[in-house]
Amino acid sequence: MASTSPRRSSGGDPSSPLLPSPTSPASGGPLGRLMGLRGAARFIRRTGSRRLMREPSVAVRETAAEHLEERQTDWAYSKPVVVLDVLWNLAFIAVAVAVLAASLGEQPAVPLRVWLAGYVVQCLLHVFCVTIEYRRRRRDADQQGAADGDFKLSIVKHLESANTMFSFIWWIIGFYWVSAGGQVLSVDAPQLYWLSIVFLAFDVFFVVFCVALACVIGIAVCCCLPCIIAILYAVTDQQEGASEEDINNLSKFKFRTMGDQDKLVAGIAAPVGGVMTECGTNPPVEHILSAEDAECCICLCPYEDGAELRELPCNHHFHCSCIDKWLHINATCPLCKFNIVKSNLDREEV
């Protein structure tokens, strides 16, 4: 595992934007369901003993999960997703209004018209909240914040929370009314009945789908973090993390294992995993790693003889192939969040 005794303080802001996590939008559209993945991912990465959660490898996965949540929020409020979400909800509204207008002669035993009208209101509130949040993010990106922006944002967040709670309760009410009406509804009010069934089933499908997706993401973060980093690296704007020059300025080491004979020569009795030798230095700079410390916290693989390692200014070290991709998407140490770009700027100023 990487060293846990940093040379300097672990402060420093990540280079990628730390946007505030908005309240999950209402369940009227896919965006609201996608936002629910954050809670599931957080639950999965916390399912372990207190002792395990203090280990560096788990700390790295918590940092990666937080970064993934931030990126998910950014993607969820990107223009293509917001446009698709708004169009999707407007389609729901149009279908509901059309069916309500075409079924004026139907007389259901339960107030399905009221439930469908409530569903339309949820979709309208969802579109309003998503549009306001999208415009706020665009305004912040252009650095044109208004004086009353925080007040408006607070109102939108409360409205989103209320709409989310209302949508959950309203789904239960709709399910109860459809169940109470029974098969008679399909005869007395077929259009209202089947539209209600479709809306209820659609919500259940997306909840199940997003919970399953969250579980897959959580398992991937825990068991195959390099795969997640590789995907993020492929879709990330390279300007968001550290540059190639910043990464190349970091110390690079070669790892070699120590046999029993080497330990005797060095007079070492404690269990030793190997030696890190810095590349390109004369005389060579060496760090002896304990057996516990000779492991990459990202891929969880022990350092093999001849492996190339990268040491950050905070003294934490990883495989070059693992940490370089991470730094391209986030310029901070995944263990202590030390910012290498800020460190390089401070050194240049000095």
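**Stop 1: a histidine in a strand**

Select His-317, which lies in strand S5 (residues 317-319). Helices (H or I, at least four residues) and strands (E, at least two) are DSSP runs, numbered from the N terminus. The model is predicted: local features need pLDDT of at least 70, side-chain atom pairs count only at pLDDT 80 or more, and totals for chains, interfaces and linings use all residues. Residues are numbered from 1 along each chain as its sequence is written, and side-chain values use heavy atoms, with hydrogens and water left out.

Is His-317 buried or exposed? His-317 has a relative accessible area of 2%, so the residue is buried. Here buried means under 20% relative accessible area, exposed over 50%, and partly exposed in between (1.4 Å probe, protein chains only).

Now show the side chains of Asp-293 and Tyr-303. The His-317 side chain makes a polar contact with that of Asp-293 at 3.3 Å, and another with that of Tyr-303 at 2.9 Å. A polar contact is a pair of N or O atoms within 3.5 Å; within protein, one must be able to donate a hydrogen and the other to accept it, and residues adjacent in sequence count only if both atoms are side-chain atoms.

**Stop 2: the pairing of S1**

Select strand S1 (residues 251-256). S1 and S4 run antiparallel and are joined by four bridges; Ser-251 has Glu-311 as its bridge partner in S4. S1 also pairs with strand S2 (residues 272-278), in the antiparallel sense and over four bridges. In S2, Glu-278 stands opposite Phe-253. Two strands pair if DSSP finds at least two bridges between them.

**Stop 3: salt bridges**

How many salt bridges does the structure hold? There are seven, a salt bridge being a side-chain nitrogen of Lys or Arg within 4 Å of a carboxyl oxygen of Asp or Glu.

Arg-256 is partly exposed at a relative accessible area of 33%, and Glu-286 is partly exposed at 43%.

Next select Asp-324 and Arg-310, whose side chains form a salt bridge (3.0 Å, N to O). This pair also links distant parts of the chain: Asp-324 belongs to helix H13 (residues 320-329), Arg-310 to strand S4 (residues 308-311), and 14 residues separate them. Asp-324 counts as buried at 18% relative accessibility, and Arg-310 counts as buried at 5%.

Salt bridges with shared partners join Glu-133, Arg-136 and Arg-137 into one network. Within it, the side chains of Arg-137 and Glu-133 meet at 2.9 Å, N to O. Arg-137 and Glu-133 are separated by about one helical turn, because they are four residues apart in helix H6 (residues 112-141). Both Arg-137 and Glu-133 are buried.

**Stop 4: the two sides of H10**

Select helix H10 (residues 225-235), where the buried residues are Leu-225, Ile-228, Ile-229 and Leu-232. They cover an arc of only 100 degrees around the axis, so they are on the same side of H10. That arc is taken over the directions from the helix axis to the C-beta atoms. Ile-231 and Ala-234, on the other side of H10, are exposed.
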